[in-house]
Amino acid sequence: MTGTLTIAGLGPGDEALITPEVSAALAAATDIVGYAPYVARVRPRDGLTLHPSDNRVELQRAGDALQLASEGRHVVVVSSGDPGVFAMASAVFEALEEFPQWRELPIRVLPGVTAMLAAAASAGAPLGHDFCAINLSDNLKPWPVIEKRLRLAAEADFAIAMYNPRSASRPEGFGRALEILREAGCGERFVIFARAVSAPDQRIETVKLHEASPEMADMRTLVIVGNSATRRVGRWVYAPRHAR
Ligand code: SAH
């Protein structure tokens, strides 16, 4: 029996934002592998084995998933949002580099609605012009790299979507990120704090960057810094389509 490995994104939280393609993969799965809170979002049923694991064991988890698929199981590795955005798809490909014996397995990556898109839609259209996404966790990259990318993104006048703003290992990082952006002359830019987007406790708050403080974000927050032309209309925040 040939197994399969599907790497799927569950979207930001609301079931309505799970794509039909991902729902079909979950319905056909024999095994669900992933970080425990994401596995908990999959409804248990007969014939389905759930394999929740801890945070930060991505490579181990990817290896386990490949092993199960090689034994003939239909495995779905779940991530929140999109599996290719700061999530499990890269970890699976890293494992494939390490273990060539699994390279012939049928593997599919199914996209999902990533947090920054759901956050942007809730606020208006702050990513309507050029933008970039930065993971503020320094778990897998040195902090100076994050600082450099923030400075250059500010200089390039990108809107900036920030994932993992408050990393557990470096709670002071987000405050430093705000400081760097202030030093780069972004104090008057709008900043959107989008917390628990699409969940019942969703909260969207927009302030000027010079008014922003580190406590306004936690691990369930996606932060979007507007570009220099980003503006408000009524309760909405958007980036005009033209650059100055
Ligand atoms: N693969 C995921 C990102 C994983 S990193 C995706 O594509 O969305 C985890 C970070 O994503 C969190 O720290 C937070 O910054 C952001 N995030 C995930 N879900 C979110 C939600 N519902 N609301 C706000 N931010 C969210």
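## Structural report: a buried loop residue and its surroundings

Apart from its neighbours within four places in sequence, A196 makes contact with D201, Q202 and R220. The structure described here is a predicted model. A196 sits in the loop that lies between β9 and β10. With a relative accessibility of 7%, A196 falls under the 20% cut-off and therefore counts as buried. A196 and R151 are separated by 45 residues in sequence, and their C-alpha atoms lie 27 Å apart in space.

### The strands around β9

Strand β9 comprises residues 190–195 and is mostly covered, with six of its six residues buried. The cover extends to both faces of β9: F190, I192 and A194 are buried on one side, and V191, F193 and R195 are buried on the other.

Two strands are joined to β9. Strand β10 (residues 203–208) runs antiparallel to β9 and is joined to it by six bridges.

### The parallel sheet

A further part of the structure is an open sheet of five strands, arranged in the order β3-β2-β4-β1-β5 and paired in parallel. Its edges are formed by β3 and by β5 (107–110), each of which pairs on one side only. Neighbouring strands of the sheet are turned against each other by 20° on average, with direction ignored.

Strand β2 (residues 31–35) has four of its five residues buried, so the rest of the structure largely encloses it. Five bridges pair β2 with strand β3 (residues 49–53) in the parallel sense, and in β3 the bridge partner of G34 is P52. Four bridges pair β2 with strand β4 (residues 74–79), again in the parallel sense. In β4, V33 has V77 opposite it, while G34 faces V78.

Helix α3 packs on this sheet and touches β1 (4–9), β2, β3, β4 and β5; the direction of α3 makes about 175° with that of β2. Helix α4 lies across β1, β4 and β5 and runs at about 150° to β1.

### Two helix pairs

Two packed helices are described by the angle between their axes and the distance between the axes. The table gives these values for two pairs.

| Helix pair | Axes come within | Crossing angle |
|---|---|---|
| α3 (residues 58–70) and α4 (residues 88–98) | 8 Å | roughly 70° |
| α6 (residues 143–155) and α7 (residues 173–183) | 9 Å | roughly 35° |

The axes of α3 and α4 cross at roughly 70°, which means that α3 is roughly perpendicular to α4. The crossing in which α3 passes α4 is right-handed. On the α3 side, the contact is made by E58, L59, R61, A62, G63 and L66, and on the α4 side by M88, A91, V92, E94, A95, L96 and E98. Sorted by class, this contact contains eight nonpolar, one polar and four charged residues.

Helix α6 passes α7 in a crossing that is also right-handed. The residues in contact are W143, E147, L150, R151 and A154 of α6, together with G173, R176, A177, I180 and L181 of α7. The contact of α6 with α7 divides into six nonpolar, one polar and three charged residues. R151, one of the α6 residues in this contact, is the residue whose C-alpha lies 27 Å from that of A196.

### Helix α5 and the residue after it

Helix α5 spans residues 115–123, and its buried residues are M116, A118, A119, A120 and A123. An α-helix has 3.6 residues a turn, so residues three or four places apart point the same way. G124 follows α5 and has a positive phi, near 140°.

Conventions
Residues are numbered from 1 along each chain as its sequence is written. This is a predicted model: local features need pLDDT of at least 70, side-chain atom pairs count only at pLDDT 80 or more; totals for chains, interfaces and linings use all residues. Side-chain values use heavy atoms; hydrogens and water are left out. Axes are lines fitted to C-alpha atoms, for helices over the stretch in contact, and angles run from 0 to 180 degrees between N-to-C directions. Angles under 35 degrees count as roughly parallel, over 145 as roughly antiparallel, 65 to 115 as roughly perpendicular and the rest as oblique. A crossing is left-handed if the near helix is turned anticlockwise from the far one by less than a right angle, and right-handed if clockwise. Contact means heavy atoms within 4.5 Å. Ala, Val, Leu, Ile, Met, Phe, Trp, Tyr, Cys and Pro count as nonpolar, Asp, Glu, Lys and Arg as charged, and the others, Gly among them, as polar. Buried means under 20% relative accessible area, exposed over 50%, partly exposed in between (1.4 Å probe, protein chains only). Two strands pair if DSSP finds at least two bridges between them.
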